[in-house]
Amino acid sequence: MSACLPDLNTLAQSIKDWGRELGFAHVGIADVALGEHEHHLQRWLEAGYQGEMDYMAAHGSKRSHPDELVPGTVRVVSLRMDYLPGDTRMAQMLAQPEKAYISRYALGRDYHKLVRKRVQHLAERIQQAIGPFGFRAFVDSAPVLEKAIAEQAGLGWIGKNTLLLNRKAGSYFFLAELFVDLPLPVDQAQTSEHCGRCQACLDICPTAAFVGPYVLDARRCISYLTIELKHAIPVELRPLIGNRVFGCDDCQIVCPWNRFARPTQENDFKPRHGLDNAELAALFLWDEATFLNNTEGSPLRRAGYERWLRNLAVGLGNAPTTIPVLEALRARREHPSALVREHVEWALAQHEDQ
């Protein structure tokens, strides 16, 4: 830690101002004690709700103890960056089963590099002001309870859909953290009372993935099934997925607080390659080179080409029976991947049963 610090209240306010100058809509400061959040995580893991996401339990107590993950950490600067494109057409896209629905956060460039670079710039700005200090930046890339930290930092509260909600911005935003060894004054934590009796998010979930308020069984969540799951999607869940081929926004779309969500000002988060209005059949005919070219620097790369085709096959199985849909599926019947072939055969069977 720097040997000569300015007034810590002044420094904390400066950090917030600098963060806003760098494009962050909200900046807060939390201490490293996450209390009940640690116990909630442990109960969730013991129930097996993480599915194949073994990394959720792979780091012991470091996930809930920032000072163990980065020794010397005494505060965490939590930052919010909005990502919602201006014209989302989410409900309209979900109502057109021949279209491919892609979660709105994944339509543009991958957020990790952009947000991390901004957090790094913030750390450099602090260093210019006070000299060398201990820090480490994170953007969804390490064992960090980012939503718990953000709640502690006053950025919002964890809602019944397990997402962080903000009264002025809803939930369409990315979170980032800057671990620091500076004893900055902390912000007042939010509470979860603002959800009230509303349970629209629980009721709308296509696969009934919520065990109850604040508890998500990831094994049934469409985001998990289309992004994290490496194997076949359970047959009983495929019809429920509809045309959602990468992620799911349903529990955000119905959240009343998202009427306050504002369009992003970051061009990198704007839709690319027409993915906000693409036909399932057209995407399914992309060869691997096209997929790699059109998803360069995109969150869609996380699924990979094989699982991209798997997801699209499920969407095509749920689409109306049309010549383009059938031709697209038949064109992949001899695909070298057994995973793809199995989902293609399932999809074709759905049309034969009609």
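Contact here means heavy atoms within 4.5 Å. With that in hand, welcome to this structure, a predicted model in which local features need pLDDT of at least 70, side-chain atom pairs count only at pLDDT 80 or more, and totals for chains, interfaces and linings use all residues. Residues are numbered from 1 along each chain as its sequence is written, and side-chain values use heavy atoms, with hydrogens and water left out.

Helices (H or I, at least four residues) and strands (E, at least two) are DSSP runs, numbered from the N terminus. A residue is buried under 20% relative accessible area, exposed over 50%, and partly exposed in between (1.4 Å probe, protein chains only).

**An enclosed strand**

Let us start with strand β7, residues 173-180. Eight of its eight residues are buried, so β7 is largely enclosed by the rest of the structure. Both faces are covered: one side carries Phe173, Leu175, Glu177 and Phe179, and the other carries Phe174, Ala176, Leu178 and Val180.

Strands count as paired if DSSP finds at least two bridges between them.

| Partner of β7 | Sense | Bridges | Residues standing opposite |
|---|---|---|---|
| β2 (residues 75-82) | antiparallel | eight | Leu79 and Ala176 |
| β4 (residues 135-138) | antiparallel | four | Phe138 and Glu177 |

**Positions from the UniProt record**

The unreviewed UniProt entry places the feature "binding site" at Arg63, Asp140, Asn161, Leu164, Leu175, Ser223, Cys248 and Asp249. These positions are spread over 187 residues of sequence and also spread in space, up to 25.7 Å between C-alpha atoms. UniProt positions follow the numbering used here, feature names are shortened, and annotations may be inferred rather than shown by experiment.

Leu164 sits in strand β6 and, at 3% relative accessibility, counts as buried. Leaving aside residues up to four places away in sequence, Leu164 touches a number of residues, including Lys147, Trp157, Ile158, Phe173 and Leu175.

Asp140 belongs to the loop between β4 and α6 (146-152). With 43% relative accessibility, Asp140 is partly exposed. Beyond residues up to four places away in sequence, Asp140 touches Tyr111, His112 and Glu146. The side chains of Asp140 and Tyr111 are joined by a polar contact of 2.5 Å. (A polar contact is a pair of N or O atoms within 3.5 Å; within protein, one must be able to donate a hydrogen and the other to accept it, and residues adjacent in sequence count only if both atoms are side-chain atoms.)

**Backbone and charge details**

Most residues other than glycine have a negative phi. Thr162, although not a glycine, has a positive phi of about 70°. Thr162 lies in the loop between β5 (157-158) and β6 (164-165) and is buried, with a relative accessible area of 12%. Ala208 also has a positive phi, of about 50°, and is found in the loop between α7 (200-204) and β8 (210-212).

Lys and Arg count as positive and Asp and Glu as negative, while His and the chain ends are not counted. A salt bridge is a side-chain nitrogen of Lys or Arg within 4 Å of a carboxyl oxygen of Asp or Glu. Arg307 is buried yet has no salt bridge, and the nearest side chain of opposite charge, Glu228, is 6.1 Å away. Apart from residues up to four places away in sequence, Arg307 touches Ile227, Glu228, Leu229, Lys230, Arg302 and Leu339.
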